Amino acid sequence: MKLNITTIKKHVMTGISFMIPVVVASGLCQALGILIGGPGIKEASSGIIWMIYKIGNLGLSTLIVPVICAAISYSICDRPGIAPGLIVGLVCAEIKAGFLGGVVAAFLIGFVVNWMKQNLKLPETMKGMMPILIIPFFSTLICGLLMFTVVGAPITMFMNALTGFLENLSTGSKFVYGAVMGSISGFDFGGPVNKTMSLYSTAMMTEGIYGPKAAHFLAGMTSPFGILVAWCLSKAFKKPIFTNDEKESVKACLPMGVCMITESVIPFAMNDLWRVVLSSVVGSAVGGGLCLIWGVGVPVAHGGLFVVPTFVNPMGFVAALAISSLICGTMIFVLKKRLTEKQIEYGTNYTDAKSDEVAEVNIEF
Amino acid sequence: MKIVGITACPTGIAHTYITKKKILEAAKACGYECRIETQGSIGAEDALTPEEIKAADVVLLAVDVKISGEERFKGKPIVKARTEDVMRNTDKFLQQIELKLRKAGKL
């Protein structure tokens, strides 16, 4: 099993890409239930609204860690990783090792399964036993026990320390903490850096700490709204800053922003990387800091403006979002160069040649 | 040069398709034949056929996550890269591939 930064990242990213639909589906169901039925719906035990709430709640409270664990071990050791991944993921949830536990367990499973694949040689007639009996049983048993005993305990302690630290922050450090989380989330528009923050904030959310998710949520909507603000400013002050291609993409930013799809900003960032990224980071940092000071909490993983009523201090969130979007948009507007007519038509690369940097090509024959 | 390839990114809604578009544009500009399969969060789209894979000179995997069906490319020259590497300067990236294939006598 080859492990380096690239492969580890790929495995964890696979985990996240499998996790996202689970988080979104169950998060939205839970939010919808709370939205219609009010917070009291949690205590109910019947009715269609409660069912909607419960569908989401079951997904969020039991499935997230097993799914990310199974998906990472699937990435490492293919199909045989799924069964132990799901079961050991449940163990992680049981011992409150959370996400981090799930990720560590997945690598453990990957190691054990790959070792078994390579080193256990059965006679030809019994080969079928490997994938249906031996690998799933022993890998689950070994890794499950390891998580319960030696590996799980330090992770649980670390998670507890982390949640304790977050609960006891002072106001000043709250702002800094929120700003850091906001800027990480606003850095690459749904790319790996943003997804790392997504992982962390969702982990905190399942522990009942809603601040990090607020910063992450806000950053996801700041950049698309920021583009809209910049577009309005460019109209108002007659400073052309977007190419014709980009103007097409601006139209998508409103619905995308409302739905918290930060990827809609990628086309702009690709054309003008540092100005767009810097604006997004600064806007999201301020907004994230404000969210934490104002005690905004986001108990759902996704859903854009539609789920704002389920937040703790929803008005605080809206105010922070407005401020962050204005900052982001104003910065884009000010930083971006006035475009010539040729550039508007043919793109910003019309004059300034792009860097000739090419990634290294490795061919496996 | 005939290229087949797969694109896939973690979220599976944006980079996957942007990368595909970039590769197809660059291939057209450079005069290569190219077919790209996307493995976004919706699953595989524009799936490559066995004939297309057989006819290809090189397989370009622009992927950030684990993809399915990698065993289809057994025995083919494979280029693995991250989507961001392929997106950045796609035409030069493809030309590099051609250059290296020629050097290795595979073209």
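In what order do the six strands of the open sheet come, and what is the pairing?

Modeller: This is a predicted model, where local features need pLDDT of at least 70 and side-chain atom pairs count only at pLDDT 80 or more, while totals for chains, interfaces and linings use all residues. Residues are numbered from 1 along each chain as its sequence is written, and chains are lettered from A and ligands numbered from 1 in the order in which they are written.

The order is β1(A)-β5(B)-β4(B)-β1(B)-β2(B)-β3(B), and the pairing is mixed. Strands here are DSSP runs (E, at least two residues), as helices are (H or I, at least four), numbered from the N terminus; two strands pair if DSSP finds at least two bridges between them. Strands of a sheet pair through backbone hydrogen bonds, either parallel or antiparallel. At the edges are β1 (363–364) of chain A and β3 (43–45) of chain B, each of which pairs on one side only.

Within the sheet, β1 (residues 2–8) and β4 (residues 58–63) of chain B run parallel and are joined by six bridges. B:Ala8 has B:Val63 in β4(B) as its bridge partner.

Helix α1 (residues 15–30) of chain B packs on this sheet and touches β1, β2 (33–40) and β4 of chain B. Contact means that the C-beta atoms of two residues, placed from the backbone, lie within 7 Å. The direction of this helix makes about 180 degrees with that of β2(B); axes are lines fitted to C-alpha atoms, for helices over the stretch in contact, and angles run from 0 to 180 degrees between N-to-C directions.
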